[in-house]
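Subject: Structure handover

Hello,

Here is the structure we talked about. Please open it alongside this note; my findings follow below it.

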Amino acid sequence: MANMSPKKNKMPTLSPEQRRTSFDEVATGYTEEMAIDEALRCLGCRNMPCVSACPVNIRIPEFIAKIRECDFEGAYEIISQSSSLPAVCGRVCPQETQCESKCVRGIKGEPVGIGRLERFVADWHNKNTQPVLNNIPKNGKKVAVVGSGPAGLACAGDLARLGYGVTVFEALHTAGGVLVYGIPEFRLPKSIVGREVENLRALGVEIETNVVIGKTLTVDELFENGFGAVFIASGAGLPNFMGIPGESYKGVYSANEFLTRSNLMKAYSPDSQTPIMRAERVAVVGGGNVAMDAARTALRLGAKKVYIVYRRSMEELPARREEVLHAIEEGIEFLILTNPTEILGYANESDSRDPKNGFVTGIKCVKMELGEPDERGRRRPVKIDGSEHIIPVDAVIMSIGTSPNPLIKSTTAGLDVNGHGGIIVGEDGATTREGVYAGGDAVTGAATVISAMGAGKLAAKSIHSYLKDK
Amino acid sequence: MYSIIYKKRLNDFVTELHIHAPLVAKKAKAGQFIILRVTEDAERIPLTVAGADAQTGAVSIIFQTVGATTLALSRLEVGDSLSDFVGPLGKPTELDGVKRALVVGGGVGCAIALPIARALKEAGCRVISVIGFRSRELVILEREFSEISDELHIVTDDGSYGQRGNVCLPVEALLSGGAVFDRVFAIGPLVMMKYTVLTVKPYEIPITVSMNPIMIDGTGMCGGCRLSLIEDGRRVMKFACVDGPDFDGYAVDFDEAASRLGAYTDFERHAYGEACNLIKKGEAQNG
């Protein structure tokens, strides 16, 4: 008997008061009862619109049916045939624009909580099983994967299951890419990423940290060392700044730096040897998931007031809806239709040794209104004359995207990039250089975890058809 | 693991370590840097490569004890290992076309200037070196510089060794005396590089400086190492980790760089104090 409630089972969360001072995960996950009850909301549509809206085509109605039967491990097996990182994707996918956007239940009421169910299944599996050492027969062929973020891990997992000897090269000291340096603990606990990495190691994947491809080793050297193919998943690169005056003041961070200090280097812990500014008033510029992460991190680090400064309106916020709601609950203030024009800093004219010199004191902004739609159909924000105003803050976090990293391109002959510096690939993920494939943010610029994972899986398939007869 | 295979104290504050890191040793060129962590959960710090031996797989770093991390590093011994060691990062120093070079090093910056001077010498260049220190006890690498320099000038701030004064004095004397150089390389504290640039400017000789800002990843991800160049009157943002660490000395905004370097002074002072106290406590217990 289907559950005809128009609402999803509510996701249990820590209270906003608990959250403001804690890096513990906000959403605590469905219980078995909640999961089964939510699974009963799925109508099991024969044409499965949700599946076609999933970037990796997880067989959603099938895994939900298994939940209904209390066969959680069976549900996990179905998901893991399509997704390499279900515990991660269940938490960070923008389900409202993907699978859940096509759910029939969403026409009259809320769609089935597919993401929450995916997360439940993956967490159940991780809690109740141990990584099993796989005895997959090796085919004797080696593939190098550059970067251990979602694209790299997905590609490595699929190739290892096909018998390839896979080595993942990671520039930082910890595997996980953006999952460890970018996404905060309260949204994606690092132990979950660690477990996904352990699952890959159990499959025989080798992970070499502290190796920068393009510097420590070049792509050419990887081929010389016997790798038959290379998958480049080196992620997004240099953070963008606005190009307004004052961006060099102390207290101006890129979101990448702020989040890396807090997440990867654990600056939120009093024992950390990596410093981070514990500002009282913080402005985060931008409206994506990264901006929400930075704002909520700043709050947890002790800020009394945190603003999101965004030049369009709430409708256009690109962040995942749940993150925006959580941010509002936690007391983040959204200054929409607002655009910074200058960052102001302290300057004591009479004392050049004043220790406050060069630190941020405020951000000058103008109000915007939405004008004509641009080429992508989004209404273009236009400055309102005479609307200049100053918001006093002591830190500004720029979260306005990234530009591709030049390191691999500049050391790899025959690898073409587009006007934005993204690596050019065909429909099969192949670059312009034979045997070299690419995917994730290195190709598309900043995008989602799931689309990167999808690109990794596609590349694995293409690399397999390229290498299998070689 | 990245084990320490050689250690030498160059003076009371400066230590040389050779780290076993064969992949880095094979690639590292003068001007590039590495990032290390002493232990798991320690901070990542960038240090410029002072030398590399592809045969033995050793990478040499020379550093001054200025904070908690360099203090911990200086207390490691041969046989100990570092948790992480990654590189070589940044672009190598551009040496092409230089036949007559003036290499200026200040303090521990001499450790970075030395491999550049050596590379220039090996490329058949005429090298005049000027190295400066606060006082006699702090002089490092004098023998190494004298071996590879056609002319070596040493200055100390207090005059306790060599000529009294800062590096700008011999630089000015050489230039006003008619010495001709294709390029000047200045490496040291920001203020020393700034004034070397000002000294060289009237002579219109190209000058390369090596920037050492606060960094985290070192691979072009965090943007913490950004600095401003003034190019044709326009401010241009650059990232020291991927665009540098070498830059055109005439373009760098040194005052801004100096200000940014002070972002965490309070934290660093506190961490250093804590580390010193821990060591004292340990010594009291062991003694």
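B:Pro88 sits in strand β7 of chain B, which covers residues 84-89. The model is a predicted one. In it, the peptide bond leading from B:Gly87 into B:Pro88 is cis. Its omega is near -5°.

There is also a cis bond from B:Gly244 to B:Pro245, with omega near 10°. B:Pro245 is in a loop of chain B. That loop runs between α7 (240-243) and β16 (246-248).

Next, backbone angles. A:Asn210 is not a glycine, yet its phi is positive, at about 60°. Look for A:Asn210 in the loop of chain A between β3 (206-208) and α11 (219-224). Is A:Asn210 buried or exposed? A:Asn210 has a relative accessible area of 4%, so it counts as buried; the cut-off for buried is under 20%.

What does A:Asn210 touch, leaving aside neighbours within four places in sequence? In chain A, the contacts are A:Glu170, A:Ala171, A:Leu172, A:His173 and A:Thr216. Chain B contributes B:Tyr2, B:Ser83, B:Asp84, B:Phe85 and B:Val86. Of these, B:Asp84, B:Phe85 and B:Val86 fall within the range of strand β7. That is the strand that holds B:Pro88.

B:Glu204 also has a positive phi without being a glycine; the value is about 55°. Its loop in chain B lies between α6 (190-200) and β13 (207-210). B:Glu204 has a relative accessibility of 71%, so it counts as exposed. The cut-off for exposed is over 50%.

Now chain A as a whole. Chain A has 16 helices and 16 strands. For 470 residues, a compact globule would have a radius of gyration near 23 Å. Chain A has 23 Å, so the two agree. Its C-alpha atoms fill a box of roughly 75 × 60 × 50 Å along the principal axes. Buried residues account for 57% of the chain A total of 470.

As for the surface, chain A exposes about 19,400 Å² of accessible area. Carbon and sulfur atoms own 51% of that. Chain A carries 54 positive and 56 negative charges, and their mean positions are 2 Å apart.

Nonpolar side chains tend to be buried together in soluble globular proteins. Here the largest nonpolar core has 78 residues. Helix α16 of chain A (residues 449-467) supplies the largest share of this core, 8 residues. Which residues have the most contacts inside that core? They are A:Ile60 and A:Phe63. Beyond its neighbours within four places in sequence, A:Ile60 is in contact with A:Cys50, A:Val51, A:Cys54, A:Cys99 and A:Ile114.

Best wishes

Methods
Residues are numbered from 1 along each chain as its sequence is written. Chains are lettered from A and ligands numbered from 1 in the order in which they are written. This is a predicted model: local features need pLDDT of at least 70, side-chain atom pairs count only at pLDDT 80 or more; totals for chains, interfaces and linings use all residues. Side-chain values use heavy atoms; hydrogens and water are left out. Helices (H or I, at least four residues) and strands (E, at least two) are DSSP runs, numbered from the N terminus. The radius of gyration is taken over C-alpha atoms; the globule rule is 2.2 Å times the number of residues to the power 0.38. Buried means under 20% relative accessible area, exposed over 50%, partly exposed in between (1.4 Å probe, protein chains only). Accessible areas come from the Shrake-Rupley method with a 1.4 Å probe; for residues, only the protein chains shown count as cover. Lys and Arg count as positive and Asp and Glu as negative; His and the chain ends are not counted. The place of a charge is taken as NZ of Lys, CZ of Arg, CG of Asp or CD of Glu. A nonpolar core is a set of buried Ala, Val, Leu, Ile, Met, Phe, Trp, Tyr and Cys residues joined through side-chain atoms within 4.5 Å. Contact means heavy atoms within 4.5 Å.
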